[in-house]
Amino acid sequence: MTPLDVTLKRSSGSGADVLNATSGGTIPIVDVTPLRQGSGARTVAEIGKACRETGFFYVTGHGIPEELLESVFASAASFFARDEADKKQVIYSAASNRGYVPFKGEALDPDRPADLKEAYNIGLDLPEDDPELVAGRMFRAANLWPEMQGFRQTMLDYFDACHGLGRLLHRAFATDLGLQPDFFEDKLDRPMAVLRLLHYPPAPDQLDEGQLGAGEHTDYGCVTLLATDGVGGLEVRNRAGEWLAAPHVPGAFICNIGDCLMRWTNDIYISTPHRVVAPAGQERYSIAFFLDPNPDANIACLPGCASPKRPAKYTPIRGDEFLLSRLSPTYEKSGLGKGETGKAEAF
């Protein structure tokens with residue numbers, strides 16, 4: 001693993017700050033304020049470059065209030081501090097991808113020991129009479145809420161804020177790819193998105209060989225928005241195969257492209273492997289928002305992303321079918337959710 005030099009530097013020409021790795025590789029820092037103001041051609045170019053070269057970038061100027069983020073982290077810490085029996089009142093259901101995943105309840109890298117973390121998943125909050133919910137459609141279910149004052153509203157406020165930021169980024173993606181800015185809007189208005197609270201307790205003195213906080217993986221969806229608490233651990237694998245530490249940048253989200261958008265763009269955008277090293281001597285919290293498309297979105301090669309020299313690599317597939325196809329035996333070691341379907345991702 002190679003640490004990043006955390007000194008911010010100006011990149012030539014583009015105007016974006018970057019974190020430069022000591023042995024190659026950069027993670028750009030992009031201020032999306034111009035996008036929120038309805039402009040930002042340079043910002044679009046910076047984002048497009050990052051999506052093609054590293055698949056990771058930091059986002060500042062996102063407009064999500066610091067107070068809301070603080071409330072989410074505080075609520076997450078309060079939830080994970082509860083007795084295990086209380087947390088298991090909202091135990092994870094793989095069929096819905098919602099609820100509490102106990103410590104060592106999953107292995108993102110199925111060839112490694114179970115991950116040293118616990119998690120809590122929240123999906124799109126649907127009314128009881130929603131037709132897809134009533135029909136029992138795949139990846140449509142009611143959220144499982146703990147009995148904690150203010151918890152539900154805080155999480156829904158944050159879910160909505162991240163959903164809005166994710167859609168804004170997709171306007172930049174569309175523009176960069178030569179599409180109309182609103183191309184993705186009707187494919188993300190009822191997404192299979194997941195807000196995931198994550199807690200990594202201090203690593204034990206003795207680890208099983210290859211055991212991590214979260215095993216090496218790529219994300220399944222379109223884009224991920226990650227907020228971190230300042231404790232290190234996230235590592236990104238560059239194209240040279242080196243693991244680069246992605247440090248905390250105050251006020252910024254760490255964003256990365258997922259497998260679905262990589263497929264949609266015919267591999268023009270890249271989904272990059274990453275992992276979390278179990279923190280030594282301290283606990284770590286992070287909040288991840290995974291933006292997957294609507295279940296019925298048609299994941300087919302986008303216009304302009306194929307040519308005679310670069311033909312489409314993948315057959316079209318529905319969003320829910322693609323998500324199902326990317327499911328791994330994440331819970332095989334723990335038996336959690338055995339015989340069901342769902343996904344799990346972590347940072």
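Analyst: Start with residue classes: Ala, Val, Leu, Ile, Met, Phe, Trp, Tyr, Cys and Pro count as nonpolar, Asp, Glu, Lys and Arg as charged, and the others, Gly among them, as polar. By that rule, the lining of the largest pocket has eight nonpolar, four polar and three charged residues. This is a predicted model: local features need pLDDT of at least 70, side-chain atom pairs count only at pLDDT 80 or more, and totals for chains, interfaces and linings use all residues. Residues are numbered from 1 along each chain as its sequence is written, and side-chain values use heavy atoms, with hydrogens and water left out.

User: What makes a space a pocket, and what makes it a cavity?

Analyst: Both are sets of points on a 1 Å grid over the protein atoms alone. In a cavity a 1.4 Å probe fits but cannot get out. A pocket is an open set with protein on both sides within 12 Å along at least five of seven lines. Lining residues have an atom within 4 Å of a point. Grid points are joined across faces, edges and corners, and a volume is the space filled by probe spheres set on the points.

User: Which residues are closest to the centre of the largest pocket?

Analyst: The volume of the largest pocket is about 260 Å³. Its lining has 15 residues, and L69, F73, T228, H248 and G251 are the closest to the centre. α3 (66-80) and β9 (223-228) each supply at least two lining residues. α3 gives the most, with four. Helices (H or I, at least four residues) and strands (E, at least two) are DSSP runs, numbered from the N terminus.

User: What lines the second largest pocket?

Analyst: It has 16 lining residues, with T54, R237, N238, R239 and T272 nearest its centre. β3 (26-31) and β10 (234-237) each give two or more residues to this lining. The volume is about 220 Å³. By class, seven lining residues are nonpolar, six polar and three charged.

User: How many cavities of 30 Å³ or more are there?

Analyst: Two cavities reach that volume. Among the residues that line it are T228, L234, H248 and R284. T228 and H248 are also among the residues closest to the centre of the largest pocket.

User: Why is a set of residues called a nonpolar core?

Analyst: Because its members are buried Ala, Val, Leu, Ile, Met, Phe, Trp, Tyr and Cys residues joined through side-chain atoms within 4.5 Å. Buried means under 20% relative accessible area, exposed over 50%, partly exposed in between (1.4 Å probe, protein chains only). The largest core has 65 residues, of which I47, Y158, L169 and F173 touch the most other members. Helix α6 (residues 151-176) gives the most to this core, with 11 residues. Another core, of 23 residues, lies apart and includes I29, Y58, A119 and V276.

User: What is I47 in contact with?

Analyst: Contact means heavy atoms within 4.5 Å. Neighbours within four places in sequence aside, I47 is in contact with V30, V32, L35, F57, L169, A172 and F173.

User: How do you know which strands pair with β10?

Analyst: Two strands pair if DSSP finds at least two bridges between them. β10 and β13 (residues 274-276) have three bridges, antiparallel, so they pair. There, L234 has V276 as its bridge partner. β10 and β11 (residues 243-245) also pair in the antiparallel sense over three bridges, with V236 opposite L244. Five residues lie between the strands of the β10 and β11 hairpin, where G241 takes a positive phi near 85°.
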